[in-house]
Amino acid sequence: MWFTKSIDETLNQLNVDPQTGLTDAEAEIRRKSSGPNRLESKKRKSVFQIFISQLNDWLIYVLFAAVIITIIMAEYIDSVIILLVILINAAIGVFQEVKAGKAIDALKQLSVPKALIKRNSHVSEISSEELVPGDILILEAGRVVPADLRLIEAVNLQTEESALTGESLPVTKDAGAVHTDPATPLGDRNNQAFMSSTVTYGRGIGIAVATAMDTEVGKIAHLIGNEDHSKTPLEKRLNELGKMLGKIAVAVCVFIFALSWLQGRDLGEMFLTAVSLAVASIPEGLAAIVAVVLSIGVTAMSRKNAIIRKLPAVETLGSVNIICSDKTGTLTQNKMTVTQVYTSDGLYDLEKDGTVAATDTVKFAATAMILCSDATLQDEDATGDPTEVALLALGDSIGIDRVHLAKKTSRKDEKSFDSDRKMMSVLVHTEDDDYKVFSKGALGSLKKKVTHVYANGKRREITDNDLQNFSEAARQMSDLALRTLAVAYKPADSDTGREDMENNLVLLGLVGMMDPARDEVKPSIKMAKEAGIKTVMITGDHRNTALAIAKDLDIATESGEVITGPEIENMTGEELKTMVEHYSVFARVSPEHKVRIVQALKARGNIVSMTGDGVNDAPSLQAADIGVAMGITGTDVAKGAADMILTDDNFSTIVKAIEQGRNIYSNIRKAVIFLLTCNLGEVVLMVAALLAGWPSPLIATQLLWINLLTDTLPAIALGMDQGDPEVMKEKPRPVNENFFSDGAGRSAITGGIFIGIITTIGYWYGYYELGYMPWDDQIPEEVVKNARTLAFMVLVCSQLFYSLGLRNRKKPLYKTGIFGNKYLIGAILMGLLLQVMVMFIPVLRDAFKLHMLDARGWIMAAALGLLPLIALEIIKTLRLHRK
């Protein structure tokens, strides 16, 4: 019970020095005994269990009934073929579910929070799974606590523990507290921080006392992994579509069976045919194909630095028409560099005067900035806010020995930064037994607190002229798109409280730092604009700074496109809704403003993507249609609230993800339209022939073969298409658009009817070339076999070839290229090869009751099979020329 032990007792029991932390060797020894720091997940179903679950479907039950009936009828070959179809379909489902499970594991791995620890006397960031008992952890606002900790230092530290305690308010921590009662409730153990809780305020240091299943959250870990899989809106639409088509198909098949009974046909054979047509007509493969396409698409997006956390985001991406982006790190490089320092001595420009020694005043200001910082910088390894890292780099560049400075000073108290005060202050004790307060923050905030200015090596009362000079320096820096930060100090003593830290300060200086735009961002913004997507910059920077970067990136052209947070506060919700689309840059905004901006944009009917990285960004990320968190600088809270995580914090990755999302949806749509076209063609053939009183054009095994071969393989291949390179020249897709909009439904109906008609012609020709007509009496069995074989071949060829034309519904093949999708070419060749094998291998030919075609039959099958593709290409070419 670590909450009953003092800090020293805890350190002694775990045998660790808080100044140095564990060594790598000691950490490795402890890891072998404690294991990885991760919770045990629910045991996954075995492959056999997955296989059995694939058979739990009413369509499969119908097929099993067909197997039993064929066995009773002594049609053993039919029984074997139907059984093989069942097994192959189940095998495909097993493969996909196993693959999806691996993808989920990979996603869980990506969601493992990072931990800031001290080992070997150095602070570094590691995966939380590598933590061991005894590790010294550093806690900051926004981080998820990765293990159960006994706190050894807490400065204004608050954590949100609602997942464990049910208490919605953050809990204030006290490292020095010791609870003697071993029955102290979890919510009252204020000297501990618990795994999975979130740091909402302040900072702290703790020692890991429990990891993995030994933690408090580990005791309720059995709840993890029991969540029901929620279907995406896309999957729901597909399921509804499948059910609707299934009902129609079953109705058609009941009609066919009834008609066959009235016509006096062989009821056993017609039952099998009707069942097979039901199975062939219902696109039961849609869900599996969509899962494959989504899996491939999400994997491809992860390779392009966009991690999709929530699958609905993939389909929503295609509808995004406004991207609200942070400036720092997303549009810019997030490599802040101080270029100017202004003090009472004047302007010191590091780019121009870098070879000139800095004045004592500049060095004092830089020293103050370093001491009032929580960042670390060692060689190129940095942690903390990029602004604070830049301040450490400033000290290095003007010759300040930060190691020596750290040895002769120690921080005794602090008043942490918050977005309301826009300031941070620390109380520092030096080796000369001297105390000073150092404060840094926005110049506007510090100006309200300063009474003196540091000039000529001493402090004097500040004048209006001093304030005007600093304000003018800040304005000039902002005009150059520099971020400004002011610093002040005051003499203090050991009992200076936090409430007195920020009064009567002495203004030291002002720094201007630059974060240049990323090279690849400007072309991405141009691409987004061509795609009908507006880019909006949302930043905490000043109006001038934001406008300068916005102009450089072609986001805005004039000051009238910029609005600030204070101006937003003076607007009512209705006013903001009316005016929000007039602005491209939102400057000096707080997290609360971001939520209002997103809500106003959505109220105007826009589909909004929003980026964020901080704890307070979580509400706006959740409010947006697509919340995008930064993978590098983003807090764990922001990542948890987001739909997508950028592993490179790069704006251009958002645009690439939107392009990928559009192509994924387009590919799914192609597969859906293809399947419906094929299924409709089969239904038209069967209904037309039976209504005319002809023998059934296809038997059960042939229909099942077509369903397995010509439907599934090309549909999956269409879903793997590379996509249209010009997809970003189209306008965003309406979010409520269905699969049949923009003429797609009409195309599926006309294509299906045409395939059905030309297959019926092929079936008729199979009788005609042997001197018979399908309505003749006493037709020899071989003639019927020949006609069925020709119908079989025409249907397979037409569906395989037709898939080529569906790669792009607007561009003819000569524009897109026949070999643009190697998977589709492979699927077509594989289908034709298997079809030829069925024809030429006697055992298979007999099994499918086929007749070897003569030369004219082969020519007719190929010629008729090409007609739907040719017709589609002619229509597309005419439309293109008409435009």
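Visitor: In which strand is Glu414 found?
Guide: The model is a predicted one. The strand that covers residues 409-418 takes in Glu414. That element is strand S14.

Visitor: Is Glu414 buried or exposed?
Guide: The relative accessible area of Glu414 is 1%. A residue counts as buried under 20%. Glu414 is therefore buried.

Visitor: Which side chain does a polar contact join to that of Glu414?
Guide: Leaving aside neighbours within four places in sequence, Glu414 is in contact with several residues, among them Arg203, Asp374 and Arg498. The polar contact in question has a length of 2.9 Å. Its partner side chain belongs to Ser416.

Visitor: What is the volume of the second largest pocket, and which residues of its lining are the closest to its centre?
Guide: The second largest pocket has a volume of about 640 Å³. Its lining comprises 27 residues. The closest to the centre are Ser666, Arg669, Val727, Glu730 and Lys810.

Visitor: How many residues of the lining of the second largest pocket are charged?
Guide: The lining of this pocket divides into nonpolar, polar and charged residues. Six are nonpolar and six are polar. The charged residues number 15.

Visitor: Is Cys678 buried or exposed?
Guide: The relative accessible area of Cys678 is 0%. Because the cut-off for buried is under 20%, Cys678 is buried.

Visitor: How many disulfides does the structure hold?
Guide: A disulfide is a covalent bond between the sulfur atoms of two cysteines. Cys372, at 0% relative accessibility, is a buried cysteine. The number of disulfides in the structure is zero.

Technical notes:
Residues numbered from 1 in each chain as written. Predicted model: local features only at pLDDT ≥ 70, side-chain atom pairs only at ≥ 80, totals over all residues. Heavy atoms only, no water. Helix = DSSP H or I, 4+ residues; strand = E, 2+ residues; numbered from the N terminus. Buried < 20%, exposed > 50% of the residue type's maximum accessible area, 1.4 Å probe, protein only. Polar contact = N/O pair within 3.5 Å; in protein donor to acceptor, adjacent residues only side chain to side chain. Contact = heavy atoms within 4.5 Å. 1 Å grid on protein atoms, 1.4 Å probe; cavity = no way out; pocket = protein on both sides within 12 Å on 5 of 7 lines; lining within 4 Å. Points joined across faces, edges and corners; volume = space filled by probe spheres on them. Nonpolar A, V, L, I, M, F, W, Y, C, P; charged D, E, K, R; others polar. Disulfide = S-S within 2.5 Å.
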